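Subject: Structure handover

Hello,

Here is the structure for you to look through. My notes follow below it.

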Amino acid sequence: MKYTIFLLAIFVLLIQSGCETSNPTTPDDQNDQGQSFSLVVARQQTAWGEVAIYAHDTLRAGYAELLITVKHNGQYVQVSNLQFEPEMAMQGGMSHSTPIDTLFWDAQLQGYQVHLVWVMATYSPGGDKMGDWTVHLTGTIGQDTLDLTLPIEVYYAERVKAFISALDSAKIIAALHISNPEVGLNDFDLFVYRKVMHRFEPVTDLSIEIEPEMPSMGHGSPNNQNPVHIRKGRYQGKVNFTMTGDWVIHTAFYRDGVHIGKVDFPVTF
Amino acid sequence: MMQKVGMIITVFSVVLSVTTSAQQISIVWQVQDVETQRPVPGAICSVDSIAVGVTDSHGKLIVRYTPRRPQLLLAVRKLGYRPWQSQVTVTGDTLWVSVSLVSQPLLLQNIVISSYRSAREQYEQNLLRLSPRSIDQYLAFLPQISIQRRAAMAGEPLVQGMGMKRYEFRIADVPVLPACTDHMDPANTYVEPEALQNVAVQFAQSGGEFAMVHFIPDSPRMGPKQTMWTGQLSYGSVNREVRAYVRSQYQSPTLGFIVDGTYRRAANYRAGGGELIDPSGFRKWNYRIHGIAQLSPQFRLSGVFIGDDGYDIGFAALPMDTRYDRLRLGNLALQYKPVHQTWLREAVFQVFGSRVDHYMDDWKRQVPVHMDMPGHTRVLGGKLTLHSTIAGIPTKVATEYRSEYVHAEMVMYAPDATPMWMPTWPEMSRSVWSVVGQSYVPIASWGTFIPHVEISVAQTRLQRADEIAVLQGLVGDFSPERFQYAWSGGIALEGKILEAVETSLQLLYQQRLLHQSELYGFYLFQSQDGYDYLGNPRLQPEQRWYLNAHVSYARKNGTVVAMIYGNWFMQYVAASRIDIPPMTIGSKGVKQYRNAGTAWNLGLSLAGWFEVLSGLTTGCILKAETGQRSDGLPLPAMSPWTLRTVVRYQPKPWWIEVQGEMAVANRQVARWAGETPDPGYMVWDVEAGWQMLREMYVALGVANVFDQQYHRFSDWNDLPAPGRNVYVTVRGRVQMSMQ
Ligand SMILES: [Cu+2]
């Protein structure tokens, strides 16, 4: 019957339009573990093989994870007495290193993982060259010697901040790391080092208070957890982002109850 | 009012063949309203004081009956009508009983569980029949409803002070989930009075909620071949509203169709005293295709599709406006009625769906940070209803499954900043399955006892990991899946205690499924109290005991109805302040939904209808409500003493009508919910008209004649109501019979 078909058709149309739900796009929820060392940031041939440095992504000032592979006669090998020495030769002639959080052999990836904090970038935000980063690798592989200097480019990011301690006028470097910021509670690491000559030493005895704010809206968020010291200048806490957009994490540093300084980290996602 | 109170109109039995005694006969009942000639569903028919069934949606009932004597006492009862009874002699094997019931204009809605005779229907007959101006105007006349205005269009009905989180909306039996976190789209937005048969307000069988507000569109009819065209045009001066309605209706013996549509367009309105309420204009389309077909003597198919598209709807009382709001709704029903009476009188299978897409933004406003807030809801489901007579007791059993989807989010745009996103209702799906049973047990010739029970189970699941994370960041860990159940049960008793005195009593226990705002709402800014509202996934279901009683006294020239209702809420859900920073600019803080102990409320109404002289009738309704939480705080949305009155003089074909609405100052103010005291007011409307034929007339009226600046106690942020409105309505009809 025509009208039956007609009514059915109306209904089917309705249902079909009712079923067309949008496919939600979730933000990239990969974490460090899920990321691969897919980007070669430095590579050099040697008489016996090849040394390469990989990263997850373009290197930026702040925390980074590197993978160093050493290929010796076609085999990925470990290196005896491996030394990994990053150095920044600044335009003015000064030079300094950068703090290394950890270095270990990753049997699965057949290479060394280095977790470190780039305290500054090769270029300023305006694009001016600040200096040159190099990584100096030494060690031995059987009878062969490893002694290489590899150039590295580090791009600008507002993830590292410095202040002068109100207590002892030491220069303190703080680096914020949130692996993949998203709405909700985010784990974060805060690396704090003191500059001693051209090196950086972990600062392990601070109490740190954070307060996230969304400046364009003038609001903060509840349920944040101030970072506490884990090891070697690495502090861990939780920050709560109630929405996406431009956030600033106000970070205040105290030693023995005395306020020694504060910095603001912008976070946008 | 040409109402003939106390009159019983017609009964006739038709002899078809010669009687054989002690043989089964068929009794065919056809019950309609004497005035509107519309079928009366749900009327209880009895033979020799034994109820034999209830009329269906077409006012029809067929029963097989074995008479023990040639004289039968037939009776039809239906609340809201004068009971009818008559002694008839059986003279054939089929007894045709056509009953026209006379309405008893109780200003009373749905005392009886699932009784579909609502006060709106009575008002349409009595007060507003000729010039329906808006759905909200009807709703505001109902004893247990107040309207919360946020703009010119679609106020939120407050049912016994309960906002729409606590009750369910249906249109044409299809659940409609509002998609706006700010209550800009109660379902009365999607209904135009021209296409409406009535509004049923049910306090039982309400889909797992405390109540159901059901908008029932008028249905196409089958009959001699006929095509009808109706057109109506209105204009109102207060907001320069133009309203056009076109309807085409077709009927044949086996087929009926209505295709109709309304277009409305309005500018900002002027409040009493001259203030321009900016923004409050809107544009909207509403359209419907409604069909019915008799497939065979047993099977009938009906289908309805309703669409509604609103654009640029200003909400002066809120910080945002609606850019668009769209409804699509459909219901396809297959009805089976056995030709010969068995235990099964009727079975109806329905599949239905609805979707609402709402988009609110604030681009008309001067604000530092602009926002967009889209929201979407979907419902898809099916329902099976069985009407049976078991051991002489009419019983209804229904089961329904529906799958729901809800999502709303917000994007904010601050100058020179990355757009900011957050969910407001995290994407949620919910499956609800419910079963309802109800019987009509006659108590001698005195009345009817109506027990009912309903069980709903719901599985709720949040869908998106990021939205779960952001909510967990605020309220702590919770399971994104939640199983809820809600059961309700109750009894109703209705009957006649004296010749002119009718009474009813309804007692109910109910649990309700919690609303997504209460469970998962994320920083929903409430501009009345200025707080951001946060859901609470650990909330316990709210429950209530509900008691409703009415007594009516009817004399020849008038009726008086007194009604009282009371609620005792347990695990009462209310928001209270928590100490976390707010999000919305200008927000005073954050509140979170909590179970706040117990609460009670009480409502009273007294309504009357009198025919003073022939052609001169007057009606009025007086109502008031009060309520308190166990901690002593007053309940919000409780109506102060409010009186509505109408006087109508109708020396046909002319009529003139005066309506008044007045309220005392409102001093029971729930400050914790953002309420403020409201002054009393008095507003008068007049209307005159000339009716040529039943559906052809011209009406000219002035609403708020004295241009009073006023607002009702319930109006959002004390939004002033429209000022003096001069309006005109012209309606005409063309009818073609084809045979
Ligand atoms: Cu909205």
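**Pocket and cavities**

The second largest pocket has a volume of about 790 Å³. It is lined by 45 residues, and those closest to its centre are Gln148(B), Lys165(B), Gln526(B), Pro636(B) and Trp716(B). A pocket here is an open set of points on a 1 Å grid over the protein atoms alone, with protein on both sides within 12 Å along at least five of seven lines; a cavity is a set of points where a 1.4 Å probe fits but cannot get out; lining residues have an atom within 4 Å of a point. Grid points are joined across faces, edges and corners, and a volume is the space filled by probe spheres set on the points.

Before you go further: this is a predicted model, where local features need pLDDT of at least 70, side-chain atom pairs count only at pLDDT 80 or more, and totals for chains, interfaces and linings use all residues. Residues are numbered from 1 along each chain as its sequence is written, chains are lettered from A and ligands numbered from 1 in the order in which they are written, and side-chain values use heavy atoms, with hydrogens and water left out.

Back to the pocket. In chain B, β9 (156-159), α4, β30 (524-526) and β34 (573-578) each give its lining at least two residues. Helices (H or I, at least four residues) and strands (E, at least two) are DSSP runs, numbered from the N terminus. The lining of this pocket has 21 nonpolar, 15 polar and nine charged residues. The classes are: Ala, Val, Leu, Ile, Met, Phe, Trp, Tyr, Cys and Pro nonpolar; Asp, Glu, Lys and Arg charged; the others, Gly among them, polar.

The whole structure has 10 cavities of 30 Å³ or more. The second largest cavity holds about 260 Å³ of space. Of its 22 lining residues, Met164(B), Tyr167(B), Leu177(B), His515(B) and Gln516(B) are closest to its centre. β10 (167-171), β24 (393-413), β25 (420-439) and α4 (516-520) of chain B each supply at least two residues of this cavity's lining. By class, that lining has 11 nonpolar, five polar and six charged residues.

**Copper site**

Four protein donors hold positions 2.1 to 2.5 Å from the copper ion: Cys180(B) (SG), Met184(B) (SD), His358(B) (NE2) and Met360(B) (SD). Donors are N, O and S atoms within 2.8 Å of the metal (3.2 Å for Na, K and Ca); water is not among the atoms, so sites may look incomplete. The site is tetrahedral, with angles of 87 to 134° among the four donor atoms. The donor spacing in sequence is C-x3-M-x173-H-x1-M. Cys180(B) sits in the loop between β11 (174-176) and β12 (196-202) of chain B, and Met360(B) in strand β22 (residues 344-361) of chain B, so the pair ties together parts 180 residues apart in sequence. Cys180(B) is buried at 1% relative accessible area. Met360(B) is also buried, at 1%. Buried means under 20% relative accessible area, exposed over 50%, and partly exposed in between (1.4 Å probe, protein chains only).

**Salt bridges**

Over all chains there are 50 salt bridges. The criterion is a side-chain nitrogen of Lys or Arg within 4 Å of a carboxyl oxygen of Asp or Glu.

- Glu156(B) pairs with Arg150(B) at 2.9 Å, N to O. Glu156(B) is buried at 1%, and Arg150(B) is buried at 3%.
- Arg243(B) pairs with Glu241(B), with closest N and O atoms 3.8 Å apart. Both residues are buried.
- Asp309(B) pairs with Arg328(B) at 3.1 Å, N to O. Asp309(B) lies in strand β20 (residues 299-313) and Arg328(B) in strand β21 (residues 321-336), both of chain B, so the pair ties together parts 19 residues apart in sequence. Asp309(B) is buried at 7%, whereas Arg328(B) is partly exposed at 21%.

Shared partners also join Glu192(B), Glu194(B), Glu241(B), Arg243(B), Arg264(B), Lys284(B) and Asp308(B) into one salt-bridge network.

**Helix α3**

In chain B, eight of the 11 residues of helix α3 (residues 465-475) are buried, so the helix is largely enclosed by the rest of the structure. Among the buried residues are Asp466(B), Glu467(B) and Ile468(B). Gly476(B) follows α3(B), with a positive phi near 90°.

Best wishes

Note on methods:
Tetrahedral: all angles 85-135°; square planar, octahedral: opposite > 155°, others 65-115°.
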